[in-house]
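Q: Could we go through this protein together? I would like to begin with the overall picture and then turn to some details.

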Amino acid sequence: MLPEAHCQEFMLCHPDEVLNTVPCGFLSFTDDGTISLVNATMLELLGHEFDAVWGRRIESILPLASRVFFQTHFFPLLKLHGKVEEIYISVRSKQGTDIPMLVNGVRRERVGSFVNDCIFVPMRQRIQYEAEILQAKKIAEAAILAQNLANAALEQVQVELAAKQVELLELNAKLEKQVEQRTAQLQQALSFESLLQRITDKVRDSLDEAQILQTAVQELGVGLGIEYCDAGIYNADQTLVSIAYKYDKTQTLTQGQVGEIAPMRPVIYPSLLRGEASQFCEIAPDWVLHSSSQLASLACPIYDDQGILGDLWLFRQKEGSFSNLEIRLVQQVANHCAIAMRQSRLYQAAQLQVQELERLNQLKDDFLSTVSHELRTPMSSIKMATQMLEISLEPLGVFTSDSNLINRYFKILQEEGQREISLINDLLDMTRLDSGTEPLNLTDDVILEFYIPHIAEPFIERTRNQQQQLEIKIPENLPPLTTDLSYLERILTELLHNAWKYTPPGETITLSAEATPTGLEILVSNSGVEIPADECDRIFDKFYRIPNNDPWKHGGTGLGLALVKKFADQLGIDISVKSTYGETTFVLKFESFG
C-alpha cells in the first residue's frame, strides 16, 4: 500500500488525472475492507475529504443494511467470481443520507495481494435518463408540428420512442423485482442474524449439554418453520448416535432413540464424520413425522478442532429445499453448540476432579487428625518419662558437663520430643480451625503498648544468640483493641518465630503497630531476607516451605504460617506480605477496633 502522502499525490496531483475526471465514483479496497484508493468524484458524492475516507474500512461508509449485504453477498460474490456487475447498494454520505448506487466491481492481484476496484454510479442518473427521454419526446412532438412533410421520419421517431418506453418499463419492472428480491434477502438475513444471536445468547454461558441441544433444536424448528428437527450425540468411537432432542411442528420436544451410525444412512454419515454438511431428498422414516413421506433433508455435523460431537438433522417438504443462507445458519448454530458442549464437558470433568480432590483432601485431613490424636498420648508419656528420667539422673551428676555423651543425648531427646509435641499440637489446631466450631473469646480494651512487649519478651534472648537485633516500636495512645488474646498471641508468636528462623546474623527484626484512618495495623518485618514474588501467594499454604531459604537450619513443617492465616481468618483480620529491597513485612490489618 502507498503511504498516505504519495497516495494523495497520485489521486489529486497526477498529471493525467484520469480517475479524478471520470463522472462516476471509483473506490478500491483490500480484502480486510481497508479503503486504499478513492477518486475525487466519489469523495464529492460522499461529501468527505480524502483523509476522512482513505485508510478506513469500507463498512464505515455503508448503512446497516448495506453492511449486511456487503458481508453476505457482495464481497463473497466478488471473491468467488472475481467480478460483480450492476449490484445495487447504498452508501452513507457525510450528512447521514443514504445514496443508492449501481456498483460494478472487479478483483485483481496487485503487488502480491488482492485489491477490489469498484465503480459507483448514483441511481439519480437513471432519473436523468428518463428526463432525457421526455425531452426527446417533446422535440419529436415539436418536429411533428413543424414538419408535416416528414411524417414518415416522425413515425419512425415515434416507433423508436415507443420502443424506448417499453424498454424503460421493462427495466423498471426488472429493477423493482431485483429490489424486492434483495429486500427479501436482507430481511431474511436480518431475521437469521437475530435467530443466531438468540441461540448464541442462550447456549454461550450454559454448562448443561442437554439444555444447549434443546435450545438449538427448538429455536431452529420454530425459526425456520420446518417439519422436523433433531440433535444427536455420538459415542466416543463414533459408532452410535443418541437422539438428544427432537422437535416437530406440534412443538413437542422429546428425547429419541439410540441407533448405529453406519447402517442408518451409509452414504450421509461418512460426510458428517468428515465435518461436511449434506442436503438431499429422501423418504423420511415413520418416527420422523409418523407417516412416510418424501422430504428435503439437511444434515449438519456438530464438530470442532477436537473432533465430531454429534449432528443436527432438519426436514421440510421437498418443494422447499434449504437455501444457502439457511445452511450457513445451521452450520453456525452447530459451531456454537460444539463450543458450548465442549465447555460443558470440560466443566463437568473439572467438577469431578474438584470433587475427587476435595474427597482426597478430606481423607488427608481425617488421616492427619487421627494420627495426631493417636500420637498425642504416647508423646505425652514420652515427655513425662523424660522428665522423670532427668529427675532420676540429676543426683548422679551426668548433666554437669556439656561434653558428657549422656547429657548430649538427653538434650536431643528433649528437643526432638518437644518438636514432635509441637507438630502434633499444630496439626490438632489446624483440624480444630478447619472445623470452625470453636467460638471466639473476645477481650475488650486490649492496650497494645503493654501487651505486645510481653509477647516479644521470649525472643529477646533468642535473637541475641543468633546475633540479630529485635526492635519493638509501639507508639503511645494507640486506640484499644477488641480481640481474642489467645489467637492474637499465637499469630504474633508464629510471625516472630518465623522471622527469627530466617533472619541472617547482623540483621533486624521489627515488631511495630500504627493507627490507620480505617483501623489499626500490626507489622512484623525482618531485614536481610526477601521472598520471591512467585512464592508470596504460597507461603500460607499448609506444609509449604520456601526452598533453600533456611540459613540457621532450624527446619520446620510448613504449618506455622498456615496456622497464622487460619487464626487471622477466625479473627476477621486481613493478613498480607510484602517482600522487596531485602526486607520482608507481614501486615495484620484490623479494619475496625473497640
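Q: How many helices and strands does the secondary structure of the protein come to?
A: The secondary structure comes to 17 helices and 19 strands. Helices (H or I, at least four residues) and strands (E, at least two) are DSSP runs, numbered from the N terminus. This is a predicted model, in which local features need pLDDT of at least 70 and side-chain atom pairs count only at pLDDT 80 or more, while totals for chains, interfaces and linings use all residues. Residues are numbered from 1 along each chain as its sequence is written, and side-chain values use heavy atoms, with hydrogens and water left out.

Q: What share of the residues in the protein is buried?
A: Of the 594 residues, 40% are buried. Buried means under 20% relative accessible area, exposed means over 50%, and partly exposed lies in between (1.4 Å probe, protein chains only).

Q: And what share of the contacts joins residues at least 24 apart?
A: Among contacts between residues at least 6 apart in sequence, 59% join residues at least 24 apart. Contact means heavy atoms within 4.5 Å.

Q: Which residues does leucine 442 touch?
A: Not counting residues up to four places away in sequence, leucine 442 touches Thr482, Thr483 and Asp484. Leucine 442 lies in strand S13 (residues 442-446). Leucine 442 and threonine 483 are 41 residues apart in sequence, yet their C-alpha atoms are 4.9 Å apart in space.

Q: On to helices. At what angle do the axes of H7 and H8 cross?
A: The axes of helix H7 (residues 151-204) and helix H8 (residues 209-224) cross at roughly 165° and come within 9 Å. Axes are lines fitted to C-alpha atoms, for helices over the stretch in contact, and angles run from 0 to 180 degrees between N-to-C directions. H7 and H8 are therefore roughly antiparallel to each other. Angles over 145 degrees count as roughly antiparallel, under 35 as roughly parallel, 65 to 115 as roughly perpendicular and the rest as oblique.

Q: Which residues make that contact between H7 and H8?
A: H7 contributes Phe192, Leu195, Arg198, Ile199, Lys202 and Val203, and H8 contributes Gln211, Ile212, Thr215, Glu219, Leu220, Gly223 and Leu224. They divide into seven nonpolar, three polar and three charged. Here Ala, Val, Leu, Ile, Met, Phe, Trp, Tyr, Cys and Pro count as nonpolar, Asp, Glu, Lys and Arg as charged, and the others, Gly among them, as polar.

Q: What about H16 and H17: where do they lie, and at what angle do their axes cross?
A: Helix H16 covers residues 485-502 and helix H17 covers residues 560-571; their axes come within 9 Å and cross at roughly 150°. That makes H16 roughly antiparallel to H17. By class, their contact has 10 nonpolar, three polar and two charged residues.

Q: New topic. How many disulfides are there in the whole structure?
A: A search of the whole structure finds zero disulfides, a disulfide being a pair of cysteine sulfur atoms within 2.5 Å. For cysteine 229, the nearest cysteine sulfur is that of cysteine 337, 9.6 Å away.

Q: Is cysteine 229 buried or exposed?
A: Cysteine 229 is buried, with a relative accessible area of 0%.

Q: Lastly, where does valine 111 lie?
A: Valine 111 lies in the loop between strand S4 (98-110) and strand S5 (113-122). Its phi is near 55°, a positive value in a residue other than glycine. Valine 111 is exposed, with a relative accessible area of 81%.
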